[in-house]
Amino acid sequence: MRLLSCVGLSLLLVACDRNDSGPLPPEAESRVVVYTSRQSHLIEPLFERFTESTGIQVDYITDSEAPLIERLAAEGDRTQADVFMTVDAGNLWFATQREVLQPLDSSALAEAVPENLRDPDGHWFGLSIRARAIVYHPDRVDPEELSTYQALADEKWDDRLCLRTSRKVYNQSLVAMLIEHLGTEEAEQVVSGWVDNLAVPPFSSDTQMIQAVGAGRCDVGIANSYYLGRLQRDDEDYPVAIYWPNQETSGVHVNISGAGMTRHAPRPGNARKLIEWLASEAAQEEFASLNMEYPVLDGVELDPVVAAWGEFRHDPTNLAVAGERQSEAVRLMDRVGYR
Amino acid sequence: MSAIADPWTRKAPVVTRSTKDGRRWLALPLLVLVLIPLGVLVASWLDGQPDTWQHLSEHVMPRLVTNTLLMTVVVGVGVGVIGVGLGWLTAVCEFPGRRLMEPLLVLPLAFPTYVLAFAYLGLLDYGGPVQEFWRATFNQTPGWLVALRQPAGVLWILILAFYPYVYLLSRASFMSGGLATFEAGRSLGASSARVFFRVSLPAARPAVVAGLALALMETLADFGAVAIFGFDTFTTAIYRTWYGLFNLAAAAQLASLLMLFMLLLLLAERFSRGRFRPRQDKRYKPHRIHLTGYRGWLATGFQGLIVMLGVVIPLIQLGIWAWPQLGEAIGGRHNSLVVNTMLLSLMGAGLALSAGLLLAFSVSRLRQQGHWITDLAGLGYAIPGAVLAVAIMLAFTGMDRLAGTALAGGLVALLLAYSIRFLRVAYGPLEAGMSRLRPEYQEVARSLGVSGWQRWVRINLPLLRPGIVTAFMLVLVEIAKEMPATLMMRPFGWETLAVRIFEFTTEGEWERAAVPALILVILGAIPVIFLIRRSAGLMGR
């Protein structure tokens, strides 16, 4: 017991020691705090370069989006966070609804980020584009057969389609946009058709789903392009190809990773600097290429694997719609039994 | 109310001074701390969500309730059969390979379910080595393998992950007197099976139930494995309601239903157990039943199979993934994560253990109410981690506002959250040990003029030591594996192995998650092996 308490005491001492470096006084302006759902290896290199060029230290915490939003809401004006950074417009939209973000009036951001990829009031800004495309096995599918997301509900794809679980926000946003373009009724028919065409129950990740296509278990699927990019980077001859759907109609469904300034940011100046820098030419190329995504800023060079997929027209609808219609989409997917 | 006045106790009456004993109030602050977050969840009902509920009950609940019940029954039976079976075999029998494999049987405890799940899915899925080999050899996709990745395959993962609780606790119980009663029964002419089911198993029932309760609570609260396999349960519905429908209130309502379900399970068990509590003989007989011939090899095979499935196969898969990155790992890239994980686990386990002791001391005089209190206090274990984390966060930020404390966002808040979550794990082993504190000892000590605190320090704590060590080690491993509360409440700079694993697995990058996962498993294995060695050593083998 004595040993135990000794160990405990010394641990506490160590802990207190470490804690001293934690909360800095607010006047220490050379710091900015980010709550993010992005993986550290995708953002840390950027943050390091930001610190190099501005001298502002970036501290960040990673977690899933929803808990981070609740954390911000619970902390209220006591929060340490200046910037909320996440993927998917639905999450950013919800953060705005939850009143944890504040509008940022920035001409630099308005110029860099296309209008449909940012909140009309400036609560959040897209920083990279993630395209949700159709993937197919080139030996088993002639790209001539493919056209739109909707067309995957056609009977000819019976037992040939693979999808990721409807739990993933990417699919929720996709269906939300379908509802926007087609109306609830038609969207429900489409999604129900997908479910009927499934070759196997939905997968828990895009990568697994693409691997099932590669293994010939199914012929087509819907995936974010960068997941295929990772597989193609490791194996040039990976037997899955990409198709850009809806070119004649609404355009490819895209989503974003993005950021906004928190409502009670203790260091708003630094928050603005960081978000503006992330949308600048200095950061955009690396920002997108770290995860093989597309930059929001025009004229930035693409990763060679990504460039090989060719150009496409993307859906110009404002992404806030994906958030507004997300819960509608989830209910629709529940109704038709898309799990 | 003292134990003497309690008409329900058939046990030898515990002699106490019933008046002016304030000890039972000691746990009050603790209870308040634990019950506030649970209250936050229950309070979510004030904010009715008729719309969402109509949708849920129409399209979601039917499948979810079926799946959850199926999971409870299958996992319950599975962990029960494997846990008790292995516990009995290793406690009272001798067969080839027992000593070698015995410690390995607890090792699945070191695997977080999400790691076990992604290791298995990676092994068996379309892009995995087994299927690739099969396709290369037979040029077709194997049907039997496809069946394994079906949603219900997750039940197998959960059984593998949680049987060690039943195994550990029932084994300890069988060791303390299982063989003596068994032989007594046999000498009266009953068959082995009859004696086992009529005498040995009922005697071990409290231990088995304690293990089952832990296993089932964790099963019900599990999100990692069920999400990876796409098996819809209460937990997945809770997250879907929160993340997808953006409705935290309805999610909290679902969580409180889950809590109620668990409470009912626990109560049902208490009632069916009745009031009779067999007293166990602590003397150990240093000989075992020798299983010879095919029986011996059957036992060896059973044990070997479980070790193979629960430990060896997932370790090999993790190893294969981790191999190309091993250089980095050895180069110390994960050092700070390891240190943080260890510090948090040690501090958290210390605090949770203290809370468990406090609870044990203060309810030791209460009989019936005591169970109510401990069952309630331990409920944090049955709530999906992220939901509990939000509730705790809300409770702490509320407290900060009202009382001007600075809990939220600090290290203390995280450690308290661990205590709230793992109180049941800390209390379980202590509860078993409390029965060793015979009232006679107290009386003798008191008659010798030993004061209250002195009695605790010099008599009771040493008597409780086995329970204390077990509780400490179990919570240690639990905290190392814990993900949602750590994610949500950790102060800056406290990245842990689980946090890193989370970052990789959310994007399905299992290969990259393999290195921190492997380190976490090895780290978790240390207290686990210590546990089993200690319990073996204590019993003199």
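Chain A is divided into domain 1 (29–129 + 255–302) and domain 2 (131–253 + 313–335), with bounds that come from an automatic or database domain assignment. This is a predicted model, in which local features need pLDDT of at least 70 and side-chain atom pairs count only at pLDDT 80 or more, while totals for chains, interfaces and linings use all residues. Residues are numbered from 1 along each chain as its sequence is written, and chains are lettered from A and ligands numbered from 1 in the order in which they are written.

Taken over C-alpha atoms, the centres of domain 1 and domain 2 of chain A are separated by 27 Å. Domain 1 of chain A gives 17 residues to the contact and domain 2 of chain A gives 18 residues; two residues are in contact if their C-beta atoms, placed from the backbone, lie within 7 Å.

On the side of domain 1 of chain A that touches domain 2 of chain A, the elements giving two or more residues are helix H4 (89–97) and strand S9 (253–262) of chain A. Helices (H or I, at least four residues) and strands (E, at least two) are DSSP runs, numbered from the N terminus. The largest share of that side, five residues, comes from H4(A).

H4(A) is also mostly covered, as eight of its nine residues are buried, that is, have 20 or more other C-beta atoms within 10 Å of their own, with C-beta atoms placed from the backbone. Among them are A:Leu92, A:Trp93 and A:Phe94. After H4(A) comes A:Glu99, whose phi is positive, near 60 degrees.

Note on methods:
A residue is buried if 20 or more other C-beta atoms lie within 10 Å of its own, exposed if 12 or fewer, and partly exposed in between; C-beta atoms are placed from the backbone.
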